[in-house]
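Q: Could we go through this model together, so that I learn how to read burial, packing and overall form from a set of coordinates?

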Amino acid sequence: MIRFDKVSKIYSDDSVALDDVSLHVDSKEFVSIVGHSGAGKTTLIKMILAEEKPSKGRVLFESTDIHKLKSKKIPEYRRRIGTVFQDFRLIPNKTVFENIAFAMEAAGRTDEEIASDVPHVLELVDLGRKIWNFPHELSGGEKQRVAIARAIINQPDLIIADEPTGNLDPINTFEIVQILKKINDLGTTVILTTHNKGVIENIGRRVITMEKGKIIRDDKEGRYAI
Amino acid sequence: MFWTTTRRIMKSGFVSFWRNGFVSLSSVLIITLTLFVLGGVMFAGAILDTSLTQIKNKVDVNVYFVPSADETDILALEKKLQALPEVASVDYVSRDQALQNFKSVHENDQITLQALDELGDNPLGAILNIKAKDPSQYEGIAKFLDSESGDQGTFIDKINYYQNKTAIDTLTKMIAGGTKIAFGITLALVIISILIIFNTIRLAIYIAREEISVMRLVGASNRFVRGPFIISGIMYGVVSALITLILFYPATFWVSKVTATFFSGFSLFAYYTSNMPAIMSVILGAGILLGAVSSYLAVRKYLRI
């Protein structure tokens, strides 16, 4: 589903974010990427989201070369991917409902669909009571669940979670991981980056270890090896 | 689809205008200030214009004839004057008419009227009031009259152009200079305030830059991200224009009251109310344009990736 083909990202001679990375992620996989800060995890993810262009090589989503997409086509492409970040990235002056509705509006869904799907997805992440609250009225775990709800609302093919548990306590971390696993069980590909050993062991799936812009390990069964 | 999107953009713009109350307020205040300056420029222009025309209209050359002058000679001179290309109009006041004017001016002055009666005969001569198309042409007309009076000798009593000349020249120069200075100052003011508006709105959108990046990540098209900001910008403009137009009511009323004696016959308030549609469209148009364009430019920066 995702293929990195000898991808390098070079900012300058002594700042190489990705160094000749090749990688293949199959449909319905749950892949965790681990590594120190600056190992290239975030650059990798930005490439999938078409936020960064590779200096060399190409990145394919199914059969399309992401970085050959016309800029007009990029929003459409991004709607096929749901994103969850460490800092939640909710829109501060929109309510929980509006935050999720925004993703549906951007995708051109009808008002009827929005009215029926948003409460439904909030029930899934157990936030039905907070539908009219603003993000600053929610706890970290609740914000992250809103972000997940927004990520899955358009039934994407792929969920990207960039350190989704970085700002959360152990209980919320566990819950978020459970939700992501459930999403994966229902057939959505998940790519997750993390620093958290417990998370990796809890998931127990494929783990890619990165260091200095290179992939140094690729284990079928999850092990945190740094 | 198009209408759904447009409706959503509109709604989102209105909602964020309302929810970002403080940011909206500061933008509205800044734009109001600019529109006030713009309106002030328009009013200053109107005042200068009317004073100039008023002064120009007051300027004329009066030829006073001796009482014994023959009317046919005067009418002949009038014909000649009318034939001159510089002359806008020639107004003939006959002796009888002059007497009547004199009487009506001194209606309440019994002594003068009595003295006039004592004289028995009409002591006043006929007058030609000459208006030029342009104040600078009076000189030529006066010279022409001089040569005429040289030819025909005695029937012209006096020409009052030379008494007025210095006063007219000074006034013309003052107005021309004043207009230039006022134009320079207002141009500088308008440019400064436009820059401040751009900065204020850029700052307002800078606060929202994270929001913009989130919208893009969620897959919103550039139009869908930009739209609400432009709607908010237009709202800043509309609200500011309305505030400005309302504030101009008391402001122009006050100015008119204070300057009533100075600009006889010109009231800024009357000018404002009678030119309302024109002033309104300029102020409203400028407000909307400023709000929309500065929002567009400010968002554009965050839409490039």
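Q: Which residues of helix 8 of chain B are buried?

A: A residue is called buried if 20 or more other C-beta atoms lie within 10 Å of its own. In this predicted model, helix 8 of chain B, which spans residues 209-217, has Glu211(B), Ile212(B), Val214(B), Met215(B), Arg216(B) and Leu217(B) as buried residues. After this helix comes Gly219(B), with a positive phi near 100°.

Q: What do the buried residues of helix 8 of chain B pack against?

A: Packing is read from contacts, and here the partners come from both chains: helix 2 (74-78) and strand 6 (81-85) of chain A, together with helix 9 (222-259) and helix 11 (276-303) of chain B.

Q: Why is helix 1 of chain A largely enclosed by the rest of the structure?

A: Helix 1 of chain A, residues 41-48, is largely enclosed because seven of its eight residues are buried. The buried ones are Lys41(A), Thr42(A), Thr43(A), Leu44(A), Ile45(A), Met47(A) and Ile48(A), and the helix is followed by Ala50(A), whose phi is positive, near 60°.

Q: How should I read the overall form of chain B, and what is its radius of gyration?

A: The value is set beside that of a compact globule, which for 305 residues would be near 19 Å, whereas chain B has 31 Å. Along the principal axes, its C-alpha atoms fill a box of roughly 100 × 40 × 35 Å. Chain B contains eleven helices and four strands, and buried residues make up 28% of its 305 residues.

Note on methods: Residues numbered from 1 in each chain as written. Chains lettered and ligands numbered in written order. Predicted model: local features only at pLDDT ≥ 70, side-chain atom pairs only at ≥ 80, totals over all residues. Helix = DSSP H or I, 4+ residues; strand = E, 2+ residues; numbered from the N terminus. Rg over C-alpha atoms; globule rule 2.2 N^0.38 Å. Buried ≥ 20, exposed ≤ 12 C-beta atoms within 10 Å, placed from the backbone. Contact = placed C-beta atoms within 7 Å.
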